[in-house]
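Dear colleague,

Please find the structure below, handed over for your use.

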Amino acid sequence: MKLAIIGAGNVGGALGANWAQKGHDVFFGVRDPKAEKTQALLRAIGGKARAGSAAEAAASADVIVLSTPWPATEAAIRSMGDNIKGKIILDAVNPLTRGPDGIALEIGHSISAGEKVQGWAAGASVFKTLNTTGFGNMANPVFNGVKSVMFVAGDDATNKPKVIDLIGELDNDSRQLLMAYLDRREPRWREHAQGDAGARQASSATRGKMTEEEAYQILGLQPGAGAQEIGRAHRSLMKKLHPDQGGSTYLAARVNEAKEVLLRTHRN
Ligand SMILES: NC(=O)c1ccc[n+]([C@@H]2O[C@H](COP(=O)([O-])OP(=O)(O)OC[C@H]3O[C@@H](n4cnc5c(N)ncnc54)[C@H](OP(=O)(O)O)[C@@H]3O)[C@@H](O)[C@H]2O)c1
């Protein structure tokens, strides 16, 4: 896939390196393509990526990734002009500002940054994703041996599967693990996962009892793992799946259930 990554800092660099290694055509859109830090990044990626202006990168791409600081994001989008029309935009930006108590959200209490970005990027399909974790985790999404799950939010149902596939490549094993589990347990989980309302309807009564084997798979543990390991794996996954972190109630409930099943076994 042809990817334009706007901003080649922590996030842009980690994502670009990861996707370039997977064989995607990565084009960084930066303010100064000749800057030594950009050239160093291209060298580190082994010549598998290139750099130019944001407009050039967007013109060549099917998918544009925004990894700019929030205050620069509107200008970066506008600098791409009509080259964003009909494209998919992955928005990893957090609308952060420095308030009296440290880092704070500049917006997000009555409108989201994703909605603002979609407003600036008319004619493109914006998906909010990748912003709920640190760039180190984007480069290597593994925690205590357990790979993390990444969430995608956007209302373009036609392009969503393409986005999920691309994001899933950063974290292929855990995505396949969780999806395979969910497909076995509840073939209609994708409908439930659309929203919390669906999640609430997906009661354990309709799913049946989770087996120990499935619980180990969900937590990414080997059979016989100890209570401490179970607790650690649960905490690690919940950090990624908890609704407060942009996760879904449905998936968080499955992870909680897996912990309960295994701890019950330990108690008996
Ligand atoms: N760091 C994280 O772990 C993390 C995690 C989740 C989300 N995020 C979000 O991701 C975004 C990027 O974070 P970061 O840590 O990667 O920041 P960063 O290291 O400071 O990188 C920002 C990049 O954006 C470029 N940039 C600035 N203004 C630009 C413009 N007008 N046009 C094109 N490029 C421009 C900068 O280029 P110059 O070098 O030329 O200034 C730099 O390459 C932020 O919105 C942040 O909230 C970060």
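Two remarks on conventions come first. The model is predicted: local features need pLDDT of at least 70, side-chain atom pairs count only at pLDDT 80 or more, and totals for chains, interfaces and linings use all residues. Residues are numbered from 1 along each chain as its sequence is written.

The sheet

Strands (E, at least two residues) and helices (H or I, at least four) are DSSP runs, numbered from the N terminus. Strands of a sheet pair through backbone hydrogen bonds, either parallel or antiparallel; here two strands count as paired if DSSP finds at least two bridges between them. The model holds an open sheet of seven strands with mixed pairing, in the order β3-β2-β1-β4-β5-β8-β11. The edges are taken by β3 (49-52) and β11, and each has a single partner strand, so one side of each is left without a neighbour in the sheet.

Strand β1 (residues 2-6) pairs in the parallel sense with β2 (residues 25-29) over five bridges, and I6 stands opposite G29 of β2. With β4 (residues 63-66), β1 also pairs in the parallel sense, over four bridges; the bridge partner of I5 in β4 is V65. Four of the five residues of β1 are buried, so this strand is largely enclosed by the rest of the structure. A residue is called buried if 20 or more other C-beta atoms lie within 10 Å of its own, exposed if 12 or fewer, and partly exposed in between, with C-beta atoms placed from the backbone.

Together with helix α1 (residues 10-21), β1 and β2 make a right-handed β-α-β unit. Right-handed means that, with the strands pointing away from the viewer, the path from the first strand over the helix to the second runs clockwise. By contrast, β8 and β11 run antiparallel and are joined by two bridges, with T129 opposite V152 in β11.

In α7 (160-168), V163, L166 and I167 are buried. They cover an arc of only 95° around the axis, which puts them on the same side of α7; the arc is that of the directions from the helix axis to the C-beta atoms. P161 and D165, on the other side of α7, are exposed. The cover over the buried residues includes β4, β5 (88-91), β8 (125-129) and β11.

G154 lies in the loop between β11 (152-153) and α7. It counts as buried because it has 20 C-beta neighbours inside 10 Å. Leaving aside residues up to four places away in sequence, G154 touches S125, V126, F127, K128, K160 and V163, where contact means C-beta atoms, placed from the backbone, within 7 Å. G154 and V126 are 28 residues apart in sequence, yet 6.3 Å apart from C-alpha to C-alpha.

L130, in the loop between β8 and α6 (135-139), has a positive phi of about 70° although it is not a glycine. With 24 C-beta neighbours inside 10 Å, L130 counts as buried.

The ligand shell

Which residues come nearest to the ligand? Of the 25 residues around it, they are G7, G9, N10, A72 and N94; a residue is near if its C-beta atom, placed from the backbone, lies within 6 Å. The elements that give two or more residues to this shell are α1 and α4 (70-79), and α4 gives the most, with four residues.

Yours sincerely

Methods. Contact = placed C-beta atoms within 7 Å.
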